[in-house]
Amino acid sequence: MPPHGPRGPHGHGMGKGAKPKDVKKTIRRLLSYIGEKRLLLVPVVICVLLSSGASIAGTYLLKPALNLYIIPLIGQENPDLSAFLLLLLIMAAIYLLGVVANYVNSRLMLTISTGTLLKIRKEMFRHMERLPLRYFDSRTHGETMSLYTNDTDTLRDMLSQSIPQLLSSLITVVGVFTMMVILSPILTLLVVLMIGVMFLCIATVGKRSAKAFRDQQKNLSAVNGYIEEMIEGQRVVKVFCHERESKEAFAQLNQQLRESSARANSLANILMPMMGNLSHINYALTAMAGALMVISGWLDIGTIASFLQYTRSFSMPITQMSQQFNGILNALAGAERIFAMLDQEPESDQGSYVLVNAVESSPAASADGKPHLVEAFTRTGTWAWRNTDDPDAPLIPLRGEVIFKDVSFGYEAEKTVLHDINLVARPGQKVALVGSTGSGKTTITNLLTRFYDIEEGSITYDGIPLKSIRKADLRRSLGMVLQDTHLFTGSVSDNIRFGNPEASQVQVESAARLANADSFIHHLEQGYDTRLTADGGSISQGQRQLLSIARAAAANPPVLILDEATSSVDTRTETLIQRGMDKLMEGRTVFVIAHRLSTIRNADLILVLEQGRIIERGNHQQLIDQRGRYYQLYTGMFELE
């Protein structure tokens, strides 16, 4: 199998807190996905300005409310409150405007973020379907899935929350600071000094907290990994009575997690009370200094009241800006990982031969009086290759002849897996590939399906160079039954029909009977309509394999690739399957990878591979007579590993 590339914890690639490499380029690319919704950013900015401005303006109105109305009206028997009530209505209108602006801003950003993520996810999935198998072989499933979950979630949070909140916090800080300077430069200097002390405390505690949280994440990863491993291997744990040792190992890992979590959360929990208390100290010092200035006649009560309110709303946005900025950087790093996947070269395909339905014309309709294949536009059951680069070229009948000539291949340039492979599979022949793990059996089938393309040698299919056949059409002509069966969420019929989406229910049931799956399907609660989930977890591994074989039968391909097709079934079921497989293989070229040598005795050609080379070839009796490696394998003198 191909090698795997570097992976992050849990296969998620880069972890949290990663910084983007090219911020400007990533932002420009994100804006391209926003598209026509970029026009909505204008009202978003306006709404943020209105929301922040309303808060700032409403606070400032405390000054005239106290100085012009409340204090002068103290002690009056029949005060005129009309002007004061008008001021209160103005304040209410300002705050109401801020609430409405904040609501409109949230709705607009929600529209922008969801629409943008819709485009990104659609392009991600569309592009992923076009990527070569090499991309998936070099990455874990978790790493790919994290693009759709972790990275897109951080993008959503950035677009819908972090950016608007950062802009709002920035406007609030600038506006509040400006108003504070206008009201009292001396008190503003005192507040700035206290904010400096607060940031020094944040930096000191935050540095230790960051290290503690890294340790916590590391230990959490270890615990999660151990739990996942134990759940998957629970059967083995119980068989070998390893419960006590497993619990002891888990207790040790859990203790390490507890200690690191206690340190991390202690520091984190200290930070907010510390900030709160420092904020209260700041407020108290400002109030005392302001009171002295009022007593001294330097300030009035309305000014100090407004200033103190501004003091409350000054430190919090600064703290939030730091968190929002880190969130944005993290989201941009996630966006870069998404764009890195989108920038991967899709599977190239320069093939010109396509698979078409064909029908044999009558001799009278041809110029030479002989029957010829002509393209048909309905399903005929007869297939042929048509050269799209030469419309006048005759159709080539699909027979299933495969020829490897001097083929060498490696998944990596410096490591050759196959060496000078030569084989000829005639139409209708059964070719068996035998060898130990890593000998190159599966690699040969990967080349035949063009999951990977060769660089040395040649492969022809019905006399056509394999690279000249379009990949989709090539794979339509092939049927595969793999050792690792994968079933999709859906009915039993849907899973069988996956091999041929156009198959009728009659054809589906016929394919199931051919694979000897019909009997157990009828015993399911809803028969062919039984819904399968979790990769067919409600049925046995052998039954899943039978459905996989039925899927290949529904495709009705001229070439079959059977990779340990009966490895997960018992001997009796294997015998039943073999009868169905014999019918399925009639008239088809078949490549069989098998460890059970009893299943390939009737193969027309058996190839014995070792370290990427064919060391023996022939039919069963010929290889037995040679008394070489195959003989040793068959008689049990040498075991496959």
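These are my notebook entries on what I looked up in this predicted model.

**Ground rules**

I number residues from 1 along each chain as its sequence is written, and my side-chain values use heavy atoms, with hydrogens and water left out. Since I'm working from a predicted model, local features need pLDDT of at least 70 and side-chain atom pairs count only at pLDDT 80 or more, while totals for chains, interfaces and linings use all residues.

**Entry 1: the overview**

I started with confidence, given as pLDDT (the predictor's score for each residue, from 0 to 100). The protein averages 82, and 89% of the residues score at least 70. Residues 1–17 fall below 50, though in the model this stretch has 35 contacts beyond near neighbours in sequence. By contact I mean heavy atoms within 4.5 Å.

Next I looked up the secondary structure: 19 helices and 16 strands. These are DSSP runs numbered from the N terminus, helices being H or I of at least four residues and strands E of at least two.

How many of the 641 residues count as buried? I get 43%. My cut-offs, with a 1.4 Å probe and protein chains only, are under 20% relative accessible area for buried, over 50% for exposed, and partly exposed in between. Taking contacts between residues at least 6 apart in sequence, 74% join residues at least 24 apart.

**Entry 2: helix α6**

I picked Thr 144, which lies in α6 (residues 141–183). Thr 144 is buried, at 11% relative accessible area. Setting aside neighbours within four places in sequence, I find Thr 144 in contact with Met 128, Tyr 135 and Arg 139.

Then I moved on to salt bridges, of which the structure holds 17. I count one when a side-chain nitrogen of Lys or Arg is within 4 Å of a carboxyl oxygen of Asp or Glu. What does Asp 151 pair with in a salt bridge? Its partner is Arg 337, at 2.6 Å from N to O. Asp 151 is in α6 and Arg 337 in helix α10 (residues 301–342), so the pair ties together parts that are 186 residues apart in sequence. Both residues are buried.

I also noted a salt bridge between Asp 157 and Arg 156, with the closest N and O atoms 3.4 Å apart. Asp 157 is partly exposed at 29% relative accessibility, and Arg 156 is partly exposed as well, at 34%.

**Entry 3: a salt-bridge network**

Lys 471 and Glu 347 meet through their side chains in a salt bridge of 3.2 Å, N to O. Lys 471 sits in helix α12 (residues 471–476) and Glu 347 in the loop between α10 and β1 (353–360), so I checked the separation: 124 residues, linking distant parts of the chain. Buried or partly exposed? Lys 471 is buried at 6% relative accessibility, whereas Glu 347 is partly exposed at 22%. Salt bridges with shared partners join Glu 347, Asp 349, Arg 450, Asp 453, Lys 471 and Arg 475 into one network.

Arg 450 came up again when I looked at helix α11 (residues 441–448): Arg 450 follows α11 and has a positive phi, near 60°. Seven of the eight residues of α11 are buried, so the helix is largely enclosed by the rest of the structure. Among those buried are Lys 441, Ile 444 and Leu 448.

**Entry 4: strand β13**

Which residues of β13 (residues 559–563) are buried? Five of the five, so this strand is largely enclosed by the rest of the structure. Val 559, Ile 561 and Asp 563 cover one side, with Leu 560 and Leu 562 on the other.

I then checked pairing, which takes at least two DSSP bridges between two strands. Strand β10 (residues 478–481) runs parallel to β13, joined by four bridges; here Val 481 has Leu 562 as its bridge partner. Strand β14 (residues 589–593) is also parallel to β13, with five bridges, and Ile 561 stands opposite Phe 591.

**Entry 5: nonpolar cores**

My last look-up was nonpolar cores (sets of buried Ala, Val, Leu, Ile, Met, Phe, Trp, Tyr and Cys residues joined through side-chain atoms within 4.5 Å). The largest has 41 residues, and Ile 496 is one of those touching the most other members. Helix α16 (residues 541–555) gives this core its largest share, seven residues. A second, separate core of 37 residues includes Leu 447, Tyr 452, Ile 459 and Ile 469.
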